[in-house]
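Have the model open and follow along.

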Amino acid sequence: MKLELKQGQKHQIYQKQIEKNQILQMDVQQLLAHIEKISFENPLIDTDDMIESTSNIGKEFDIDSLSRKSEQSLKENIHWQLINKDIDNKKLVESLVELLDDNGYLRLSIQDICTCLKCDEKEYIEAKNALSKLEPPGLGAATLKECLLLQLERLEETEDIYKTKQLIEECLEDLSKSHYYAVSKKLGISQNKVRELLQIILTLNPRPASGFSSSIEVNYPVPDIIIKDNAVQLNPVIYKDININTGYLSLEAESKETKKYIESKLKQVSWLQQCLSQRKNLIYDIVVFLLDYQQDFFYE
């Protein structure tokens, strides 16, 4: 048993070393895409600040007319899904995609959308329903509650799914505050059952379009280092701290399973931060050395 445990620990260490080496070898685009991929699997990671900063890179370096692959990918993804769909309002559905925010939500009022797209309410509702049936699930929701419910609609209707829908519709605020007793009383179920249903909710994606609408994957070179006035500095729009979605931390109270899940995701964030810190320090030291060693090249 101890031998198996040691072998498992060695395997984990080996895997972490591989990941660290891979991060060291990535260019900036690959690195940001890697962080975004991890954020899909880890709800504690909030990449919004990094996404917003990266979208300003073109302004920092005076690069004009730069498109974002992720935005094009979303439109293209919707377009190819609609090709084989037998619906009458494909153009209106594609127009709705233009109004989605970075999370995939339609935040505008029905009246504003109808005015913007020059359609009536019936046409809008039909187009929105068609959009909600496309991938990824949850697109076009106006609220987090609607987004989660749209995703649950894709799952087989079981008693647990029914109760989870009821939980989201009636008790989402209580749940976010870990008021399990209040939730169990409202729904007439045990607190343990509430925690079980919470596990289903944690598998859902609160930001269904984040993989498309962000500018994490850009189509132009982005430097790790900027050399200006004989000084070396890290690119400030790249090396930003990874933020934590603190809302999820409140969910760990009173539930061993949820607490274990949150702790494992926090460890993943901590390890990622260590890898990024090592990459940052190593690249900085190398460039400082090269700048000193090759001064004739840089300052001729």
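In these notes, two residues are in contact when heavy atoms lie within 4.5 Å. One caution before I start: this is a predicted model.

**Entry 1: Arg 279**

I began by asking which residues Arg 279 touches once those up to four places away in sequence are left out. I found Ile 23, Leu 24, Met 26, Asp 27, Val 28 and Leu 31, and also Asp 224 and Tyr 239. Arg 279 itself sits in helix H15, which covers residues 256–293.

**Entry 2: the whole protein**

Next I stepped back for the overall numbers. I counted 16 helices and 4 strands. Of the 300 residues, 40% count as buried. Taking contacts with a separation of 6 or more, I noted that 65% of them join residues 24 or more positions apart. The accessible surface comes to about 18000 Å², and carbon and sulfur atoms hold 50% of it.

**Entry 3: a nonpolar patch**

Back on helix H15, I looked at Phe 289. Is Phe 289 buried or exposed? Its relative accessible area is 53%, over the 50% cut-off, so Phe 289 counts as exposed. Phe 289 belongs to a nonpolar surface patch along with Leu 282, Ile 286, Leu 290 and Tyr 293. I wrote down about 530 Å² for that patch.

**Entry 4: a negative patch**

Which residues gather in the patch of negative charge on the surface? I listed Asp 86, Asp 88, Asp 120, Glu 121, Glu 123 and Glu 126. I followed up on Glu 123, which lies in helix H8, residues 121–132. Glu 123 has 36% relative accessibility, and because that falls between 20% and 50%, it counts as partly exposed.

**Entry 5: a lysine without a partner**

Lys 163 is in helix H10, residues 159–176. I noted that Lys 163 is buried and yet has no salt bridge. Glu 159 is the nearest side chain of opposite charge, at 4.8 Å. A salt bridge here needs a side-chain nitrogen within 4 Å of a carboxyl oxygen. I then looked for what does touch Lys 163, leaving aside neighbours within four places in sequence, and found Leu 187, Ile 189 and Leu 197.

- Lys 118 has a positive phi, near 55 degrees. I placed Lys 118 in the loop between helix H7 (110–117) and H8, and at 77% relative accessibility it is exposed.
- Ser 178 also turned up with a positive phi, near 60 degrees. Ser 178 is in the loop between H10 and helix H11 (180–187). At 6% relative accessibility, Ser 178 counts as buried.
- The peptide bond from Glu 135 to Pro 136 is cis, with omega near -5 degrees. I found Pro 136 in the loop between H8 and helix H9 (144–152).

Note on methods:
Residues numbered from 1 in each chain as written. Predicted model: local features only at pLDDT ≥ 70, side-chain atom pairs only at ≥ 80, totals over all residues. Heavy atoms only, no water. Patch = residues over 30% accessible without salt bridge, like charges linked within 9 Å, V, L, I, M, F, W, Y side chains within 5 Å. Areas by Shrake-Rupley, 256 points an atom, 1.4 Å probe, with all protein chains shown as cover. Helix = DSSP H or I, 4+ residues; strand = E, 2+ residues; numbered from the N terminus. Buried < 20%, exposed > 50% of the residue type's maximum accessible area, 1.4 Å probe, protein only. Lys, Arg positive; Asp, Glu negative; His and termini not counted. Charge placed at Lys NZ, Arg CZ, Asp CG, Glu CD.
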